[in-house]
Amino acid sequence: MVPLGPLPGACWTPLISLLLVYYLLPSGAQEQKSLLQVEPQDLVVPAGGSLLVNCTTKCPNPELISLETFLLKKPVGNGLGWAAFQLSNVTSDSKVLCSGFCNGSQMTGSSNITVYRFPERVELASMSPWKPVGKNLTLHCLVTGGAPRTHLSVLLLRGEEVLSRQLAVGEPAEVTATVLVSRNDHGANFSCRTELDLRPQGLGLFQNNSAPSHLRTFVLPVTPPHLNVPRFLEAGTSGLVDCTLDGLFPASEAQVQMVLGDQMLNPKVSSQGDTLKATATVTANTELEGTWKIVCNVTLGGESQETQENLTIYSFWGPIMNLSGTIRNLSEPTVLEGTTVNVTCAAGARVQVMLVGAPAVTRGQLALLQLNATQRDDKRSFFCNATLEVDGMVLHRNRSVQLRVLSRTRTARNPLTVTIIMAVLVILGFLVITAALVYVLVGRSDIYHVNRGSNSLPLTSKQPDEALGEQPS
């Protein structure tokens, strides 16, 4: 195998001498060159390939037909007016020269050999997966290898649309193109392609493609999202929080994060056109009592917009009203006339209560009203107002209770009261009768008198309540 690179000077000498002779021949002598031809003409071979070169002449008496080249050659045959040579391991462009003599005059012929190679690497430089609409996108393509460069073009493509076509220059060849990003570029594939056009040489068009890069474009408005948050929320209740952003593209691919303090919310996200909406349910717990920030963050294309609003969670139980001295198991608070009644009203520690008719109390204290129930208090309503200040706003809550008073004089005519009295009398009668029966059965007995003077007299009974008779005179 012939080593690559320039040949030694000794090898170049015959070829150079022959070329000098060829170009320095007189015009008449140069006409002899047409008598010797190289077949085929202007050869194109793949790098490292081999080819058969034939030197032919129409001279009737040719002599010393030979092939001059720095390529590795091997004679494969000859005859009258021709000689064939096998060239192998062709790695670079070259020129071959056939020479010989015809009737004592030198004759020559030449042919060019062009070597073609496919590019070793065609690579589109990496680009950001997201690009804002309206910004410039610069595409870079690197091409290593490939020949002949005069027939090698580099194309930058959007899908199959050619954005740029340039000849490969330099090693490696670098080709760039700049495009203005639009919404239509969302989801587009960009790639780089080389085209080695050997159709004029009868071979064809050879293409090499890089791996495509997928581009996603976006529009994120400069205005922050609109966050709709209830100003107050009572502990134990729930409320909805809405976060909306208009002018977003593509809205369906945006990410939304909603946070209450350090608690992540679970929003339901929907989109319509360029509008994004996220809705989350906030449950107020007593542990969260106070003022908190609710944050809504919308992220798209590696950029984000954020807004926040305050939410105050408060506890406001009551007011709770109680009446003492009432009769149990009745549907309404009821007392007997003359009963001392305590009316109380209470709420939370930060709540101010006011019981109508009762002395004023400070915040968080219980309000008390004491009265001796009379008939004028029957169906009397007691009112209590509770006031709580939350973040500069005063909240009110009212409650009332009605008192029923039973008259003692009317109680006897009251069927329920009569029933109770009759039941008491029946029970008392039963107890009296039971005591009498016990006395009769246990307390009654006979009394006997015994005469100890005589043992022969019979015993006679005498009733205790029987009076003693007078003795005869």
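**Disulfides, burial and surface in a predicted model**

User: Why is Cys102 called buried?

Analyst: Cys102 has a relative accessible area of 6%. Buried means under 20%, so Cys102 counts as buried. The model is predicted.

User: What makes Cys59 and Cys102 a disulfide?

Analyst: The S to S distance between Cys59 and Cys102 is 1.8 Å. The cut-off is within 2.5 Å, so the pair qualifies as a disulfide. The torsion about the S-S bond is about 90 degrees, so this disulfide is right-handed. Cys59 sits in the loop between E3 and strand E4 (62-68), whereas Cys102 is in strand E7, so the link ties together parts 43 residues apart in sequence.

User: Is Cys59 buried or exposed?

Analyst: The relative accessible area of Cys59 is 5%. That is under 20%, so Cys59 is buried.

User: How do you know that a disulfide joins Cys55 to Cys98?

Analyst: Their sulfur atoms are 1.7 Å apart, which is within 2.5 Å, so the pair is a disulfide. The link of Cys55 and Cys98 is left-handed, with -60 degrees about the S-S bond. Cys55 belongs to strand E3 (residues 49-57) and Cys98 to strand E7 (residues 94-102); the two are 43 residues apart, and the pair links distant parts of the chain.

User: What relative accessibility do Cys55 and Cys98 have?

Analyst: Cys55 has 0% relative accessibility, and Cys98 has 0% as well. Buried means under 20%, so Cys55 counts as buried, and so does Cys98.

User: What makes Cys243 and Cys296 a disulfide?

Analyst: The S to S distance is 1.9 Å. This is within 2.5 Å, so Cys243 and Cys296 form a disulfide. With -85 degrees about the S-S bond, their link is left-handed. Cys243 is in strand E20 (residues 238-245) and Cys296 in strand E25 (residues 290-300), so parts that are 53 residues apart in sequence are tied together. Cys243 is buried at a relative accessible area of 3%, and Cys296 is buried at 0% relative accessibility.

User: How many disulfides does a search of the whole structure find, and what is the pairing?

Analyst: The search finds 5 disulfides. With the bonded cysteines of the protein chain numbered in sequence order, the pairing is 1-3, 2-4, 5-6, 7-8, 9-10.

User: Why does Ser164 count as buried?

Analyst: Ser164 has 13% relative accessibility. The limit for buried is under 20%, so Ser164 counts as buried. This residue is part of strand E12 (residues 161-167). Leaving out residues up to four places away in sequence, Ser164 touches Val154, Leu155, Leu156, Val175, Thr176 and Ala177.

User: What makes the link between Ser164 and Gln166 a polar contact?

Analyst: The side chains of Ser164 and Gln166 are joined at 3.1 Å. A polar contact needs N or O atoms within 3.5 Å, so the distance meets the cut-off.

User: Which residues make a nonpolar surface patch?

Analyst: Ile427, Leu428, Phe430 and Leu431 make a nonpolar patch of about 430 Å². Patch residues must have over 30% relative accessible area. Leu431 lies in helix H4 (residues 415-443).

User: What does the secondary structure of the protein chain come to, and how many residues are buried?

Analyst: The protein chain has 4 helices and 33 strands. Of its 473 residues, 35% count as buried. The chain exposes about 28,600 Å², with carbon and sulfur atoms supplying 54% of that. Among contacts between residues at least 6 apart in sequence, 62% join residues at least 24 apart.

Note on methods
Residues numbered from 1 in each chain as written. Predicted model: local features only at pLDDT ≥ 70, side-chain atom pairs only at ≥ 80, totals over all residues. Heavy atoms only, no water. Buried < 20%, exposed > 50% of the residue type's maximum accessible area, 1.4 Å probe, protein only. Contact = heavy atoms within 4.5 Å. Areas by Shrake-Rupley, 256 points an atom, 1.4 Å probe, with all protein chains shown as cover. Patch = residues over 30% accessible without salt bridge, like charges linked within 9 Å, V, L, I, M, F, W, Y side chains within 5 Å. Salt bridge = Lys/Arg side-chain N within 4 Å of Asp/Glu carboxyl O. Polar contact = N/O pair within 3.5 Å; in protein donor to acceptor, adjacent residues only side chain to side chain.
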